[in-house]
2 protein chains.
Amino acid sequence: MALIVQKYGGTSVGDIERIKNVARRCIATQKEGNDVVVVVSAMSGETNRLLNLVSQISDRPNQREQDVVVATGEQVSIGLVALAIQAMNGKATSFLGHQCRVVTDSTFSKARIKSIDAEKLFAALKKKQIAVVAGFQGIDEDGNITTLGRGGSDTTAVAIAAAIRADCCEIYTDVDGVYTTDPNVCPAARKLEKISYEEMMEFASLGAKVLQIRSVEIAMKYKVPLWVKSSFSDDYPGTLVCEEDRSMEDVVVSGIAYDRNEAKIAVRGVPDVPGVAAKIFGALSEKAIVVDLIVQNVAKDGKTDLTFTVSKSDFASARDVVKGVAKAIKADGVDTDDQVAKVSIVGVGMRTHSGVAAKMFEVLAKEGINIQIISTSEIKVSCLIHSNYTELAVRALHTAFGLDSVETVAAAS
Amino acid sequence: MALIVQKYGGTSVGDIERIKNVARRCIATQKEGNDVVVVVSAMSGETNRLLNLVSQISDRPNQREQDVVVATGEQVSIGLVALAIQAMNGKATSFLGHQCRVVTDSTFSKARIKSIDAEKLFAALKKKQIAVVAGFQGIDEDGNITTLGRGGSDTTAVAIAAAIRADCCEIYTDVDGVYTTDPNVCPAARKLEKISYEEMMEFASLGAKVLQIRSVEIAMKYKVPLWVKSSFSDDYPGTLVCEEDRSMEDVVVSGIAYDRNEAKIAVRGVPDVPGVAAKIFGALSEKAIVVDLIVQNVAKDGKTDLTFTVSKSDFASARDVVKGVAKAIKADGVDTDDQVAKVSIVGVGMRTHSGVAAKMFEVLAKEGINIQIISTSEIKVSCLIHSNYTELAVRALHTAFGLDSVETVAAAS
């Protein structure tokens with residue numbers, strides 16, 4: 001007997017038939033002798049419908065009130081899922097964020113979970129009920145409704161799994177696992193049986209949309225084994241996200257990620273004196289703009305160039321901020337480019353293998369792709385390139401690092 | 001400066017334009033120097049949409065879970081109204097049932113309010129904010145979401161007005177006040193300037209759909225002056241529901257109500273021994289079926305007839321229950337009829353005027369309308385008649401009791 005948290009996304013509860021399907025799965029898992037907590041998202045399309053109502057009223061809606069509106073999507077889902085379980089003679093009780101005390105900070109629309117009260121959930125489980133919990137939402141210390149940002153239901157599920165010390169957390173989604181890269185871009189992409197938390201975090205932060213990065217962070221911190229599975233098919237076991245083990249280190253690169261949602265800003269001729277970088281990035285941080293890659297060239301004639309990337313949604317406001325600062329610090333000018341993409345190779349095996357970055361540069365060079373910025377961490381190497389070459393780069397790297405599926409390799413040889 | 005509670009129903013917040021209109025009215029009321037609490041219903045159609053989702057899953061949905069689903073309608077409305085006020089440079093904060101602690105009993109889907117915590121509302125008002133409160137919903141002592149039944153937002157508004165000792169409660173609706181009778185049935189119907197709580201309660205319980213009866217009950221108990229007004233027009237002052245005063249007693253009959261939502265059940269040949277009526281009505285009450293009019297004839301040959309009415313929605317199950325009991329108590333048989341209507345005259349003046357009931361019977365007789373059941377209270381007389389004669393009866397009584405509007409009377413003379 002195990003204690004299992006299952007999470008179903010918007011497409012998995014997209015209509016009444018699918019909601020019944022979720023109910024069936026929950027009951028089946030319980031019948032196998034397990035205690036089941038199920039976390040659900042809003043029915044697909046619902047969050048957008050609600051945001052559309054909000055946008056008809058205000059361009060810059062107050063985030064507290066917007067959260068009040070969008071949190072209703074998950075509330076409808078939990079009621080319907082609980083009713084569907086009951087209609088199949090199962091036992092279920094639904095829980096809203098304020099009912100199982102998912103307490104967050106007060107950063108409306110992207111709040112972070114601080115604590116969860118497991119007591120009510122345990123009480124329901126003890127009565128052999130399936131606890132149906134609203135994803136994405138919480139309350140702050142003052143009882144205001146908060147939401148956790150897009151994909152926040154993943155985080156709810158993992159945080160609950162951590163709070164109740166579940167044996168595992170199963171994330172049901174419309175893909176059947178984590179792939180070596182996006183199968184839409186690279187047909188040779190292969191499903192991974194297993195991947196470490198750290199690799200998964202790199203994937204999540206590099207633009208793969210399988211899991212919200214915060215959910216992987218929490219899973220890693222509390223060592224919650226995380227399954228990514230298809231909610232539409234039982235044929236595949238999915239991908240297990242777990243602690244790194246020996247076998248993983250033998251694989252140098254476990255996957256290729258890409259992200260087209262970046263834009264580049266370059267400040268030319270920046271005076272090479274202390275405090276200049278702080279002025280630029282301080283001004284950006286004041287506007288809550290997150291900077292990703294940063295490169296500073298070696299100074300020449302007392303001047304240097306500073307290049308960095310921001311997400312496309314922050315591009316316009318970042319450009320305005322930087323132009324202001326550039327003038328103030330007497331830089332030569334500001335160049336911008338939103339036709340860029342970040343391509344990355346990820347793998348815990350890099351730690352023990354050398355020459356991985358060099359091989360990446362070589363592969364890109366061979367395809368005639370110019371590298372604009374390079375950034376590395378212990379388990380990943382990222383290159384910013386012109387966005388036109390995204391697919392080409394991903395496919396070339398996928399093949400070069402031996403990730404192509406056996407069938408594809410066989411067919412090619 | 002006054003403290004005013006305004007309530008807007010579903011049609012008043014039916015789309016984005018109307019929501020903006022509500023925001024405009026709230027701000028205008030505040031600008032006149034008042035503190036404003038606004039209670040809103042779900043956008044029109046929304047509650048039915050949610051109930052339809054529920055009914056696709058279950059014929060007999062668990063009422064706790066159904067409440068979780070339908071309570072979202074008001075939640076969306078308060079967020080949107082608060083955003084609309086803010087978009088017009090007003091200050092607003094929304095409050096859910098659990099946030100301003102609208103504590104109810106645990107009778108899901110028709111809960112009764114036990115207490116309201118005014119503290120958070122006062123805090124918002126002190127900051128010159130408009131407090132936007134979700135109607136229809138509350139929480140029970142265990143923190144479960146509850147709803148107050150159809151029309152429950154009226155009750156929320158009046159209960160809040162009582163809790164914060166508001167100067168008045170304004171119910172904005174799609175009619176512009178309380179009429180002497182349904183203008184759709186009787187073109188000579190006239191809007192009332194003023195009506196007593198007790199009369200309004202009779203009207204509400206007799207099938208006039210202007211206000212939920214529970215809301216009038218609370219208004220009477222806490223002496224909250226209640227205005228019924230149009231949310232679409234400022235041209236008319238609406239109707240004031242308030243304590244009885246001298247002037248009201250001069251009017252013998254203040255209005256005519258009718259209700260087609262009744263059905264009649266007659267048990268023939270009931271043995272005239274103690275405890276028989278208790279058996280019949282006890283069995284009905286076990287099934288939570290509310291009985292309205294009851295008549296028992298004088299016994300003859302040790303047998304009597306027992307006739308009563310129930311609402312049409314309970315008709316089928318009431319019939320089954322009664323047939324079972326009738327067999328057990330050896331009654332002669334059960335007759336049923338759902339082609340009936342209850343027509344009533346209401347007025348506090350009846351207390352001091354005699355002959356009112358006699359006049360009503362005379363008017364109906366003159367129109368050839370047979371009276372099936374008669375029921376009286378201190379301030380009303382109800383007659384059950386064949387439903388075909390509803391409109392005829394209402395119009396004849398309206399004229400006979402001098403309620404026709406001046407224009408109509410003038411035109412006829």
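Q: What share of the 413 residues of chain A count as buried?
A: This is a predicted model. In it, 49% of the 413 residues of chain A count as buried. The criterion is 20 or more other C-beta atoms within 10 Å of a residue's own.

Q: What makes chain A as compact as a globular protein of its length?
A: Chain A comes to 14 helices and 18 strands. Its radius of gyration is 23 Å. The globule rule gives 22 Å for 413 residues, and the two values are close, so chain A is as compact as a globular protein of that length. Along its principal axes, the C-alpha trace of chain A spans about 75 × 55 × 35 Å.

Q: Why are the two copies said to be related as by a two-fold rotation axis?
A: Chain A can be laid on chain B by a turn of 180° and a shift of 0.1 Å along the axis, with an RMSD of 0.2 Å. The copies are thus related as by a two-fold rotation axis. In chain A, the C-alpha nearest the axis belongs to A:Thr72, 2.7 Å from it.

Q: How do you know that the copies meet through the same surface?
A: Of the interface residues of chain A, 100% are also interface residues in chain B, so the surface is the same.

Q: Which parts of chain A make up the side that touches chain B?
A: In all, 28 residues of chain A are in contact with 28 residues of chain B. Helix 2 (46-57), helix 3 (63-70) and helix 4 (72-87) of chain A each supply at least two residues of that side. Helix 4 of chain A gives the largest share, eleven residues. By class, the side has 15 nonpolar, twelve polar and one charged residues.

Q: Why do strand 3 and strand 10 of chain B count as edges of their sheet?
A: The open sheet of chain B has eight strands in the order 3-6-2-1-9-11-12-10, with mixed pairing. Strand 3 (92-95) and strand 10 (194-196) each have a single partner strand, so one side of each lacks a neighbour in the sheet. On average, neighbouring strands are turned by 20° against each other, direction ignored.

Q: What makes strand 1 and strand 9 of chain B a pair?
A: Pairing takes at least two bridges. Strand 1 (residues 3-8) and strand 9 (residues 168-173) of chain B have five, in the parallel sense. In one of these strands, strand 9, B:Cys169 is the bridge partner of B:Val5.

Terms used
Residues are numbered from 1 along each chain as its sequence is written. Chains are lettered from A and ligands numbered from 1 in the order in which they are written. This is a predicted model: local features need pLDDT of at least 70, side-chain atom pairs count only at pLDDT 80 or more; totals for chains, interfaces and linings use all residues. Two residues are in contact if their C-beta atoms, placed from the backbone, lie within 7 Å. Helices (H or I, at least four residues) and strands (E, at least two) are DSSP runs, numbered from the N terminus. Ala, Val, Leu, Ile, Met, Phe, Trp, Tyr, Cys and Pro count as nonpolar, Asp, Glu, Lys and Arg as charged, and the others, Gly among them, as polar. Axes are lines fitted to C-alpha atoms, for helices over the stretch in contact, and angles run from 0 to 180 degrees between N-to-C directions. Copies are superposed by least squares on the C-alpha atoms of residues with pLDDT of at least 70 in both. The radius of gyration is taken over C-alpha atoms; the globule rule is 2.2 Å times the number of residues to the power 0.38. A residue is buried if 20 or more other C-beta atoms lie within 10 Å of its own, exposed if 12 or fewer, and partly exposed in between; C-beta atoms are placed from the backbone.
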